[in-house]
There are 2 protein chains.
Amino acid sequence: MAGKAELDLVFNPRSVAIVGVSSNRDYEDIAETYIRALIQCGFSGGIYPINPKGGEIRGLKIYPSVKDVPDSVDYVICCIPAASVPRLIKDCAAKGVKAVQFFTSGFSEIGTEEGKKLEAEICDLARRGGVRLIGPNCMGVYSPKAGVSYAPDYPKESGPVAFICQSGGNAIYFTRYAVQRGIRFSKVVSFGNAADINESELLEYLAADPETEIIAAYIEGVKDGRRFGQALKMAAAAKPVIIMKGGCTEAGARAVASHTGVLAGSARIWDGLLRQAGVISVSNLEELADILVTFLYLPVPSGWRLGCIDVGGGAAVVATDRYVSCGFVLPPLPPEVRQKLRQLVNTDAGISLNNPVDLAAQFYTPAVYSVVKTLADYSGVDMLIFHLPLAIMPPFPSFPEEYATAILDNAIRAYKETLKPMAVVIDQITTGGSLETAITCQQKCHREGIPTYFSIDSAAKAIARFLHYYENRNDLTRVCHPTIEDKSAGQSREGS
Amino acid sequence: MAGKAELDLVFNPRSVAIVGVSSNRDYEDIAETYIRALIQCGFSGGIYPINPKGGEIRGLKIYPSVKDVPDSVDYVICCIPAASVPRLIKDCAAKGVKAVQFFTSGFSEIGTEEGKKLEAEICDLARRGGVRLIGPNCMGVYSPKAGVSYAPDYPKESGPVAFICQSGGNAIYFTRYAVQRGIRFSKVVSFGNAADINESELLEYLAADPETEIIAAYIEGVKDGRRFGQALKMAAAAKPVIIMKGGCTEAGARAVASHTGVLAGSARIWDGLLRQAGVISVSNLEELADILVTFLYLPVPSGWRLGCIDVGGGAAVVATDRYVSCGFVLPPLPPEVRQKLRQLVNTDAGISLNNPVDLAAQFYTPAVYSVVKTLADYSGVDMLIFHLPLAIMPPFPSFPEEYATAILDNAIRAYKETLKPMAVVIDQITTGGSLETAITCQQKCHREGIPTYFSIDSAAKAIARFLHYYENRNDLTRVCHPTIEDKSAGQSREGS
C-alpha cells in the first residue's frame with residue numbers, strides 16, 4: 001500500500017513538536033492541552049514546544065522554530081493561525097518532518113476563495129516537501145500504544161477498535177463515551193477537511209492493520225467516491241465496519257459544507273454504498289458504541305430466540321415489546337423448564353415463570369444463579385438477556401452498588417458455567433451515583449465477556465444489527481426465526 | 001361523577017393503617033417502607049401499623065387488627081398474603097375503612113382459577129362493605145399534597161402532572177426518573193390488576209381534577225373498552241393526555257397476562273383509539289418524561305423553524321440531521337442576520353455563522369448572550385435550541401459545572417429578554433459527575449421556563465410531537481412549514 005510506512009509513522013512518531021504554545025497565558029490553551037495529553041498518555045519520545053518568543057512550558061524548553069529543535073522531528077501539531085501555516089510547512093520540509101497535523105482551521109471549510117487557495121497551497125508545499133498532512137481543522141491522532149493523544153484523560157491502554165472521524169468534536173466526545181462503555185482503541189484519527197490523508201487511505205491502512213479488529217467511522221463526505229467505495233469494500237471484507245454518516249439531510253449537508261468543506265452527497269447513494277459493502281450504518285454515536293460493545297463482547301448466538309430474566313412485571317412487558325419489535329422471539333417456556341424453575345423459587349411471591357422470567361423479590365437472592373443456569377441450559381433459547389434496573393426498588397432511590405454487584409455475580413456465575421451467549425441491560429439510571437454503579441457493573445460483565453447496555457432499546461437494536469450482520473454474511477450456523485406458536489420450542493436442540 | 005368523593009379520600013386520607021408489618025425482622029420489608037414513606041412525605045394524619053403479634057415499629061405502636069385502632073381509619077395498605085385478604089376486607093368494612101390498597105399479589109394475574117376466584121371474592125366483600133379497592137398487585141398512591149407515598153425518596157412538593165400506572169415497578173421507576181427530570185406530580189396511582197378502581201374511573205376523575213393539568217398513563221389493558229374510550233375522550237378534551245401502552249406485541253401481551261391478568265388487546269385497535277381521542281402515544285417511559293417536560297416548560301412556538309446554537313461542527317451536523325428528520329426546518333440565516341452576528345464574534349476562530357451557529361471556542365465567552373439574542377430577535381425562526389455538550393472540550397473529561405452554568409446564564413439572559421421559545425439540550429453525559437452537572441443545569445433552565453433534554457434525539461422527538469399536538473387541535477396560531485429554499489426566510493415576519 002502506498003502510504004503504509006507514512007501512516008505507520010503518523011501512529012508511531014518518535015518525536016513531536018507542538019507549534020503555537022504560549023508560556024505567558026493564564027489559562028490552558030489547546031497547544032498546552034496537546035502537551036499535557038502526550039505527557040499523560042506516556043509518550044516516551046521527545047516533546048518540543050515551539051514559539052518564536054521561546055520560554056518554558058510544563059518544564060519543557062520552548063524552541064523558536066521547528067528548525068531549532070536539536071533532535072529530529074517526526075510529527076508536528078500545528079496550533080498557529082492559518083495565515084502562518086505555509087511558512088511552517090516549509091520549515092517542516094527543511095527539517096525532514098514526516099507529518100503535520102492541523103488543529104488550525106480557516107481553510108476550505110470557511111467557504112471563501114482565499115480559504116480554498118490556502119488549503120491548496122499547503123497541500124502543494126507539503127507534497128513537494130515530502131510532508132503528509134492530517135486535517136486541517138481537526139484534533140489529530142490518539143494512538144495509545146505510542147502514547148500519542150489529543151485529550152489528557154484518554155486511557156493508555158489500547159484495544160482492537162479503530163475510529164476515524166471527520167469531526168474533531170465528535171472524535172473528542174465519542175472516544176470518551178466509548179471508553180466509559182468499555183471500548184478501547186488501536187487508533188483514533190480526527191482528520192477534518194481531509195486535504196491530504198483522507199478516509200479512503202485510512203480505511204485501506206486499517207483494513208490491513210493487525211492491531212485493528214473493528215473499524216468505526218464518522219464521515220461527512222468524500223472527495224473521491226470511487227476510491228472510497230473500493231476502500232470500504234476492502235475494509236468491510238476484512239473486518240466489521242460501522243459507519244455514521246453526517247449530513248444525511250439537505251440542511252445537514254449545508255452544515256457539513258461549512259464544517260469540513262466537503263460535499264455530503266445524496267443520502268440514497270450513501271445508503272446503497274454502505275449496504276453494498278456490507279457496512280453497518282448507524283444514525284448516532286451512542287448507537288455506534290452499542291454496536292462496538294456487541295462486537296467486542298457478544299459471542300455470536302445461533303439465532304433470534306431470547307430468554308429474559310427480569311425483575312418487575314411492567315419492566316418485563318416493556319422489554320418484551322421492544323425485543324419483539326426488533327425481530328427477536330421470546331419463546332414460551334415448555335412445561336419441563338417451568339417445572340424446574342418452580343422447584344428453584346418460592347412461587348408464592350408474585351413471580352412469573354414465563355419468558356421473561358420475572359423474579360420479583362427473589363431477584364435479590366441466590367435463586368438468580370439457578371434460574372439463569374436453567375434458562376441457559378434450555379436449548380430452546382439462543383441467548384439470554386439479564387435485566388438489572390437500578391431504580392425499581394421502593395426503599396432505595398437507586399440500588400446500592402453492593403446489592404447490584406451481588407445480583408450480577410449470581411448471573412455471571414451461571415454464564416461462566418454454561419457459556420450461553422448473554423447480555424446484561426443495566427438501566428433506570430437517574431442519579432450520578434447510579435451511573436457510577438452502572439459503570440462498575442458493566443466492568444464486571446465485560447471482564448467476563450458479557451456485553452452491557454444502559455437501556456433495553458440500545459440492547460435490542462444493537463444485538464439485532466449484530467445478528468443481521470452475521471446473517472448477511474451467512475456466518476450464523478443456524479438462524480432461527482420461530483414464531484411463538486412454534487411447536488418445537490419445547491424440544492431440545494443440539495449445539496447450544 | 002359517581003366515585004369522586006371516594007377517590008378524593010383515596011388521595012387525601014385522614015389516617016392510614018399498614019397491615020402486615022413485622023417488628024422482629026432484621027431487614028426493611030415493604031410494609032416498613034410504606035411507613036417510612038408516609039413519615040418522610042410528611043403525612044400528618046394517624047399512621048397505624050398492624051400485626052396480630054403487636055409490638056412497635058419506627059416508634060409507632062403496632063395494633064393487632066384494624067379493628068383495634070382507637071382512631072377512625074380511612075385508608076389501609078395491605079401487605080399480607082393473598083389468602084388472608086378476605087378476612088381483612090371484612091375487618092375493614094366493620095371498621096368503616098374507605099379504601100384498601102393491595103401491595104399483595106397472587107390474584108387473577110397468576111392465571112389460576114383460585115386466583116380469579118379470590119379476586120372476585122374480595123371485590124364482592126368490598127362492594128358489600130362499602131370499601132373501595134386499589135389493585136391488587138400494585139404500589140398504590142403517591143399524593144404529595146396529602147403526604148401519601150409508597151417510596152420514601154419522592155419529593156413532598158406537588159406539581160401539575162398525574163400519572164396512572166398499571167405496573168408497580170414502572171410507577172416506582174418512572175416517578176423517580178420524572179422527578180430527576182424536573183417533573184412534579186399531583187397524583188400517581190399504581191393500580192395493578194384494576195379489580196375495582198380502574199384506569200377509566202381514574203381518567204374521569206383526573207379530567208376534572210383542578211390540581212392536574214396533564215395526564216400521563218402506562219396501561220396494559222382494559223376490561224371495559226367502551227367506558228375507557230369515553231373516559232379517554234373526555235380526559236383528552238380537557239387536558240393533554242399521554243399514554244404508553246404495554247403489551248403491543250403478541251409476546252408482550254402474553255407478558256401482560258401474567259403481570260396484571262388483563263387482556264392487552266390488539267395494537268391496531270389501541271392505535272386507532274388513542275389517535276381518535278387526540279392522545280399522544282409513546283413507546284417508552286423516558287420518551288414520556290421528555291413530552292411531559294415539553295408540555296410543562298415550552299411555550300407553544302408559532303411553527304417548525306428552528307434556530308440552533310451549538311459548539312462543534314460535527315455536533316451541529318448531527319443535530320441538524322436529527323431535527324430535520326423529525327420535521328423541523330433550519331432556515332439559512334439571511335445576510336443581515338449573518339452580518340450582525342459577524343460583528344458580535346471573532347470570525348477568525350473557526351466558527352460558523354450558518355444555522356446552526358457553531359460558536360467554537362467563543363461558546364465559552366459572553367458572546368453567547370449576544371448571539372442567542374440576535375437569533376431570538378430574528379423573526380425567521382420560531383424557536384431556538386441551545387446545545388450544551390459536556391464532553392467536547394479537549395482538556396476536560398467532563399465540563400466543570402461552573403463553566404456549564406456560566407454558559408447557560410448567557411443563553412438564559414437572552415431568553416429572558418426576548419421570550420422567544422427556547423429549549424436546551426445538555427448531552428454527552430459520560431460520568432456520574434457530568435450527570436449531576438446536567439441536572440443542575442436543567443434546574444437552572446426549568447426555573448426560567450426553558451425545557452431541557454439530555455439528548456438531541458429526545459428533544460427533536462418530544463418537541464415535534466408537541467407541535468403536532470397543537471397542529472392537530474388547530475391551536476397553532478400559524479404553522480409554518482417552509483422548505484430551506486423558502487425565499488421568505490430572510491424577510492421579517494410579525495408576531496414572533
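**View 1. Strands β6 and β7 of chain A lie side by side in a parallel sheet.** Strand β6 (residues 99-102) of chain A runs parallel to β7(A), and three bridges join the two. Within this pair, A:Q101 is opposite A:I134 of β7(A). The model is predicted: local features need pLDDT of at least 70, side-chain atom pairs count only at pLDDT 80 or more, and totals for chains, interfaces and linings use all residues. Residues are numbered from 1 along each chain as its sequence is written, while chains are lettered from A and ligands numbered from 1 in the order in which they are written. Helices (H or I, at least four residues) and strands (E, at least two) are DSSP runs, numbered from the N terminus. Two strands pair if DSSP finds at least two bridges between them.

The open sheet to which these strands belong has five strands in the order β2-β1-β5-β6-β7 (chain A), with parallel pairing. At its edges are β2 (46-50) and β7 (132-134) of chain A, each pairing on one side only. On average, neighbouring strands of this sheet are turned by 20 degrees against each other, direction ignored. Helix α3 (residues 85-95) of chain A packs on the sheet and touches β1 (15-19), β5 (75-78) and β6 of chain A. The direction of α3(A) makes about 170 degrees with that of β5(A). Axes here are lines fitted to C-alpha atoms, for helices over the stretch in contact, and angles run from 0 to 180 degrees between N-to-C directions. Two residues are in contact if their C-beta atoms, placed from the backbone, lie within 7 Å.

View 2. A:F107 sits in the loop between β6 and α4 (113-129) of chain A. A residue is buried if 20 or more other C-beta atoms lie within 10 Å of its own, exposed if 12 or fewer, and partly exposed in between, with C-beta atoms placed from the backbone. Neighbours within four places in sequence left aside, A:F107 is in contact with A:A82, A:G115, A:L118, A:E119, A:P136, A:N137 and A:N193. A:Y403 is 296 residues away along the chain, and its C-alpha atom is separated from that of A:F107 by 55 Å.

**View 3. Strand β17 of chain A is largely enclosed**. Six of the six residues of β17(A) (residues 422-427) are buried, so the rest of the structure largely encloses this strand. A:M422, A:V424 and A:I426 point one way from β17(A), and A:A423, A:V425 and A:D427 point the other way. Strand β16 (residues 383-389) of chain A pairs with β17(A) in the parallel sense over six bridges, and A:P389 has A:D427 as its bridge partner in β17(A). From β16(A) the chain crosses through helix α14 (residues 401-418) of chain A to β17(A), in a right-handed β-α-β crossover. A crossover is right-handed if, with the strands pointing away from the viewer, the path from the first strand over the helix to the second runs clockwise.

β17(A) also runs parallel to strand β18 (residues 452-453) of chain A, joined to it by two bridges. The bridge partner of A:V425 in β18(A) is A:Y453. Between β17(A) and β18(A) the chain passes through α15(A), and this β-α-β crossover is right-handed.

**View 4. Helix α2 of chain B is largely enclosed**. Eight of the eleven residues of α2(B) (residues 30-40) are buried, so the helix is largely enclosed by the rest of the structure. Among them are B:I30, B:Y34 and B:L38. The buried residues of α2(B) pack against β1 (15-19), β2 (46-50), β3 (56-57), β4 (60-61) and β5 (75-78) of chain B. Just after the helix, B:G42 takes a positive phi of about 85 degrees.

**View 5. Chains A and B meet through the same surface**. The contact takes 68 residues from chain A and 68 residues from chain B. On the side of chain A that touches chain B, α11(A) gives the most, with ten residues. Of the interface residues of chain A, 100% are also interface residues in chain B, so the copies meet through the same surface.
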